[in-house]
Amino acid sequence: MESGADSGAGVEGGAGADSNGEFLRCFGRQMKLLREAAGLTQAQLGERVGYGEAQIAAVEQGRRILRPELVDAVDREVCGRGVLVAMKGEGQAVELHAYSDHVVKGILQTEEYARAVFRMWRLLLDEETIEQGVTARMERRKLFARRPAPLLSFVIEEHVLQRPLGGPKVLRGQLEQLLLYGHERNVELQVMPTRRDEHAGLAGPFTLIHLAGQRRMAYMEVQDTSALYSDPRKVSPLEATYRVLAAQALTPRESLAFIQKLLGEL
């Protein structure tokens, strides 16, 4: 994101105006949903993060974007659990690469699978909060429809694809959706077999986000704590780790065949 976007100007013109404008509107809608779920007014949220009520309203209306450090603060105040932090990077990514070791990556999830995941949270979430979270997650899937299409790749642990969160029907729908995504030309899905005797990802899941202009970021979350890094000293080792993970996993073609086999066993 360009820091100049926080100067109060509207969406800029040019070739990327439509996609940038859609991202701002999507971000604003999610921020509003999370703010309301947290029981905060625009004025109350603004006071907590050092922003004016009118500025909060402008962000929610998709007319401006927060500075990166303010996105982190807002996410904490509205109990966003990393949703806004992730969107900050995903919204303008030209490449996104993610390793998942416990659930299917959020932007790959079906609505039913996402709802099942949120219902597993402890402490238990109320139904309104669950639906807010599902809505936010579904909005993030618009990344797949963006043009020009970003390059997306995912390494997913085998056991993640066998865990029937929400029941067999929900898992079937999720696997079917992965097959659809996996056949897109800009998407690569790779399965990491459980029986591999070498594994580079034992330190946990992470997401790599490449922006225009060669900017690179890494996003990580553990429990209810999330962080977005842009320091090359933090990002570069994770990029190296992801390359090894991709080499250790099944190829994209083998992975789609594996997912098809799992579907046949349900």
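Predicted model: local features only at pLDDT ≥ 70, side-chain atom pairs only at ≥ 80, totals over all residues.
Contact means that heavy atoms lie within 4.5 Å of each other.

View 1. Residues are numbered from 1 along each chain as its sequence is written, and side-chain values use heavy atoms, with hydrogens and water left out. Setting aside residues up to four places away in sequence, L161 touches V104, I156, L171, L175, L178, V191, I259 and L262.

**View 2. The largest nonpolar core.** A nonpolar core is a set of buried Ala, Val, Leu, Ile, Met, Phe, Trp, Tyr and Cys residues joined through side-chain atoms within 4.5 Å. Buried means under 20% relative accessible area, exposed means over 50%, and partly exposed lies in between (1.4 Å probe, protein chains only). Which residues have the most contacts inside the largest core? They are L108, F154 and L161, in a core of 38 residues. Elements giving two or more residues to this core include strand 1 (93-100), helix 6 (111-119), strand 3 (187-192) and helix 10 (252-265). Helix 8 supplies the largest share, 6 residues. Another core lies apart from this one; it has 19 residues, among them L40, L66, V71 and A73.

View 3. Helices (H or I, at least four residues) and strands (E, at least two) are DSSP runs, numbered from the N terminus; the protein chain has 10 helices and 6 strands. Two strands pair if DSSP finds at least two bridges between them. Strand 1 and strand 2 run parallel and are joined by 6 bridges, with F154 in strand 2 as the bridge partner of A98. Strand 2 also pairs with strand 3 in the parallel sense, over 6 bridges; here M192 in strand 3 is the bridge partner of E157. Strand 2 is mostly covered, with 6 of its 7 residues buried.

**View 4. V187 in strand 3.** Find V187 in strand 3. Is V187 buried or exposed? V187 is buried, with a relative accessible area of 5%. Leaving aside neighbours within four places in sequence, V187 is in contact with F144, L152, F154, Y181 and G182.

**View 5. A stacked ring pair, F144 and Y181.** Rings of Phe, Tyr and Trp (its six-membered ring) pair if their centres lie within 6.5 Å; planes under 30 degrees apart count as stacked, over 60 as edge-to-face and the rest as tilted. The structure holds 3 aromatic pairs. In one of them, the rings of F144 and Y181 have centres 4.1 Å apart and planes at 10°, so the pair is stacked. F144 lies in the loop between helix 7 (127-140) and strand 2 (151-157), while Y181 lies in helix 8 (residues 168-182), so the pair ties together parts that are 37 residues apart in sequence. F144 is buried, with a relative accessible area of 13%, and Y181 also counts as buried at 13%.

**View 6. An edge-to-face pair, F206 and Y242.** Here the ring centres of F206 and Y242 are 6.3 Å apart and their planes are at 80°, so the pair is edge-to-face. F206 lies in strand 4 and Y242 in helix 9 (residues 232-248), so the pair ties together parts that are 36 residues apart in sequence. F206 and Y242 are both buried. Ring pairs link Y99, F206 and Y242 into a cluster.

**View 7. The hairpin of strands 4 and 5.** Strand 4 (residues 206-211) and strand 5 (residues 216-222) run antiparallel and are joined by 4 bridges. I209 stands opposite M217 in strand 5. The two strands form a hairpin with 4 residues between them, and G213 in the turn has a positive phi of about 80°.

View 8. Which residues of helix 2 (residues 42-49) are buried? They are L45, G46 and V49. The face turned away from the buried side carries the exposed residues E47 and R48. Just after helix 2, G50 takes a positive phi of about 75°.
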